[in-house]
Amino acid sequence: MITINFIAGDAKPIRAKGKIGQSVMEVAVAAGVSGIAADCGGLLTCATCHVMVAQPFAALLPAADGEECAMLAFTATPATPSSRLSCQIILNAELDGLTVELPASQY
């Protein structure tokens, strides 16, 4: 199992476990993380699963493709250099301990 730490503003971090091959969004939804709306269910059409990935994990991820970059332009909270859509982050062993910050709003 892979541990993911979700950080939402001043709230206590939420720690969730996922399986290799799952997306970070799937883990967040299953764990009831309220800061991930995931309106499109991971179809890359809504940008409501926006997260900011902490280092060193951001450097371990493959670069966002053109579709993801286009969707990041429509996030409610402005995207940062570490912004990703959690539906596009697929868990692997290197990501154990992954920490992502949730934006102030997904809408």
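How many positive and how many negative side chains does the chain have, and how far apart do the centres of the two sets lie? The chain has 5 positive and 9 negative side chains, and 13 Å separates the centres of the two sets.

## Overall form

The model described here is predicted. The chain contains 3 helices and 5 strands. From one end of the sequence to the other, these elements follow the pattern β-β-α-β-α-α-β-β.

The chain has 107 residues and a radius of gyration of 12 Å, which agrees with the value near 13 Å that a compact globule would have. Along the principal axes, the C-alpha atoms fill a box of roughly 30 × 30 × 25 Å. Of the contacts between residues at least 6 apart in sequence, 67% join residues at least 24 apart.

## Surface and burial

Of the 107 residues in the chain, 41% are buried. The accessible surface comes to about 5500 Å², and carbon and sulfur atoms account for 58% of that surface.

Single residues show several levels of accessibility. Phe74 counts as exposed because its relative accessibility is 62%, and the cut-off for exposed is over 50%. Phe74 sits in the loop between helix H3 (66–72) and strand S4 (83–85). Between Phe74 and Leu91 there are 24 Å, C-alpha to C-alpha, and the two are 17 residues apart in sequence.

## The salt bridge

The structure holds 1 salt bridge. It is formed by the side chains of Glu68 and Arg84, at 2.8 Å from N to O. The pair links distant parts of the chain, with Glu68 in helix H3 and Arg84 in strand S4, 16 residues apart.

Are the two partners buried or exposed? Glu68 counts as buried because its relative accessibility is 2%, and Arg84 counts as buried because its own value is 10%; the cut-off for buried is under 20%. Apart from neighbours within four places in sequence, Glu68 is in contact with Leu44, Arg84, Leu85 and Gln88.

## Backbone features in the loops

The peptide bond from Gln55 to Pro56 is cis, and its omega is near 5°. Pro56 belongs to the loop between strand S3 (50–53) and helix H2 (57–60).

Which residues other than glycine have a positive phi? Ala38 is one of them, with a phi of about 55°, and Leu44 is another, with a phi near 65°. Ala38 is placed in the loop between helix H1 (24–31) and S3, and Leu44 also lies in the loop between H1 and S3. Ala38 has a relative accessibility of 13% and so counts as buried. Leu44 has a relative accessibility of 12% and so counts as buried too. Leu44 is also among the residues in contact with Glu68.

## Val53 in strand S3

Val53 is placed in strand S3. With a relative accessible area of 4%, Val53 is buried. What does Val53 touch, not counting residues up to four places away in sequence? The list is Ala58, Leu61, Ser82, Arg84, Ile89, Leu98, Thr99 and Val100. One of these, Arg84, is also a partner in the salt bridge with Glu68.

The C-alpha atoms of Val53 and Glu67 are separated by 18 Å, and the two residues are 14 residues apart along the chain.

Ile90 lies in the loop between S4 and strand S5 (98–102). Ile90 is partly exposed, with a relative accessible area of 44%. Leaving out neighbours within four places in sequence, Ile90 is in contact with Gly21, Gln22, Ser23 and Leu95.

Ile90 and Ala31 are 59 residues apart along the chain, and their C-alpha atoms are separated by 16 Å.

Terms used:
Residues numbered from 1 in each chain as written. Predicted model: local features only at pLDDT ≥ 70, side-chain atom pairs only at ≥ 80, totals over all residues. Heavy atoms only, no water. Helix = DSSP H or I, 4+ residues; strand = E, 2+ residues; numbered from the N terminus. Rg over C-alpha atoms; globule rule 2.2 N^0.38 Å. Buried < 20%, exposed > 50% of the residue type's maximum accessible area, 1.4 Å probe, protein only. Contact = heavy atoms within 4.5 Å. Areas by Shrake-Rupley, 256 points an atom, 1.4 Å probe, with all protein chains shown as cover. Lys, Arg positive; Asp, Glu negative; His and termini not counted. Charge placed at Lys NZ, Arg CZ, Asp CG, Glu CD. Salt bridge = Lys/Arg side-chain N within 4 Å of Asp/Glu carboxyl O.
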